[in-house]
Amino acid sequence: MSAVAGCPVAHGFDPLSDEYLAEPYSILNDLRESGPAHHVPSIDYWVITRYEDIAAILSDPATYSATVAQAPLSALTDEAQDILRRGLRNVPVLSNLDPPAHSRIRLHLAPLFLPRKVAKLQQRIEEFSMRLIDDFAQLGRVDIVPALTFPLPALTVFRLLGFPDADVEQLKQWCGDKLEINWGRPDADYQLRAATNMVKFWDYCERFVEQQAQAPGDNLTSQLLRQRESDDGALNDQEIASVIFALSFAGHETTTNLMGNALRNLLSRPGLWQRLHADPTLVDSAVEETLRFDSSVIAWRRVTTKAVTIGGVDIPANARLMLAFGAANHDPSVFPEPEVFDIQRENARVQLSFGKGTHFCLGQHLGRVEVRTVIGMLARRFPDLRLAEGQTVTYPRNISFRGPESLIVEWSPEGAAQWA
């Protein structure tokens, strides 16, 4: 839905530009200070920037529908659209489904993500982390993304769903294609390849549900199937396939990014890493401040179901909205001195990075546990961990998910501690 006459228009703003991807926050701050809502021709979305407005939008699914949340950001070629139309039989389940249908799906999933359920995964997460860290502990230098922050969340969520460890690399690749199609601006050749791989990914999920129905295991997929034994409203095969199709992406992409963002921010400020090493109780609040200051989900999407007014700006029905979490989390009306990275900030936890309301992230407990575990283990094991000099940190080319693609760290191998 294009802009209406007389509305605020941000002609120079492009959330896929090199400048924005490298450093979005100063740009978002300027946009927020110039007004609460702007139409952005580069993506044909309205960008909403203020905390109060975004929190209200997330709390009103009747007016602001989630159906656009996973729609391709950019127009796809006819060939790519045809591949997806013929091959993807998945149905909306959580992030792109509105109540009351959304409520039914969430009702069946929520018990599987309660804190006490996630707590049972703690030992597995620690074991995965220790194994990965041991593999590079004596090297003195490593790219922490492929060595730790990339594989750990994948191993965790794929094992939770029941996927074999041997399939992790293939599944991660397919998830990357989904990221580019839904939230990026891929060229025609990439669209064709990614659309084909997304269909392969969906077929894999369907087959896996069939396999679990025949031979149930100790995993989330089988738990959803077993709900049918006592619940006539339990999810059908296609709904379960759609759930694991969505969770296998959402369950690791954001956590990988959050780990990378936390490490970059903690290691780039003199003395901060040493504080964590000396006082492990600061890890929890450091993770919360990372979620606020440098979110792994910098924006999300909604579409208006009727004409609305946001912050005094009139926006028409069927207008697509980009909710700039990165701007809201730096809103000075909520967070004093928002450009200061303060690991003891008292209200960091009210950040919007996990959403709010009906669609508040189900996996937030699991993500927090994973990141706290990794940061705590690294701070304990490598007291002199530091960023390698001279590196340029790059980020994925999409509007929603932000985290370093590579992050090279160094330490003194002789000073590395051993596990107690």
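I began with pairing, where two strands count as paired if DSSP finds at least two bridges between them, and strands themselves are DSSP runs (E, at least two residues; helices are H or I, at least four), numbered from the N terminus. By that rule I found strand β2 (residues 45-48) and strand β8 (residues 320-323) paired in the parallel sense over three bridges, and I noted L323 in β8 as the bridge partner of I48.

I kept in mind that the model is predicted, so that local features need pLDDT of at least 70 and side-chain atom pairs count only at pLDDT 80 or more, while totals for chains, interfaces and linings use all residues. Residues are numbered from 1 along each chain as its sequence is written, and side-chain values use heavy atoms, with hydrogens and water left out.

Next I traced the open sheet, in which five strands follow the order β1-β2-β8-β5-β3 with mixed pairing. Since β1 (37-40) and β3 (64-65) stand at the edges, each has a single partner strand, so one side of each is left without a neighbour in the sheet.

Then I looked up salt bridges (a side-chain nitrogen of Lys or Arg within 4 Å of a carboxyl oxygen of Asp or Glu), and the count came to 22. One of them joins R381 and D134 at 3.0 Å, N to O, and this pair links helix α17 (residues 364-381) to helix α7 (residues 122-136), the two residues being 247 apart. I recorded R381 as buried at 3% relative accessible area and D134 as partly exposed at 39%, where buried means under 20%, exposed over 50% and partly exposed in between (1.4 Å probe, protein chains only).
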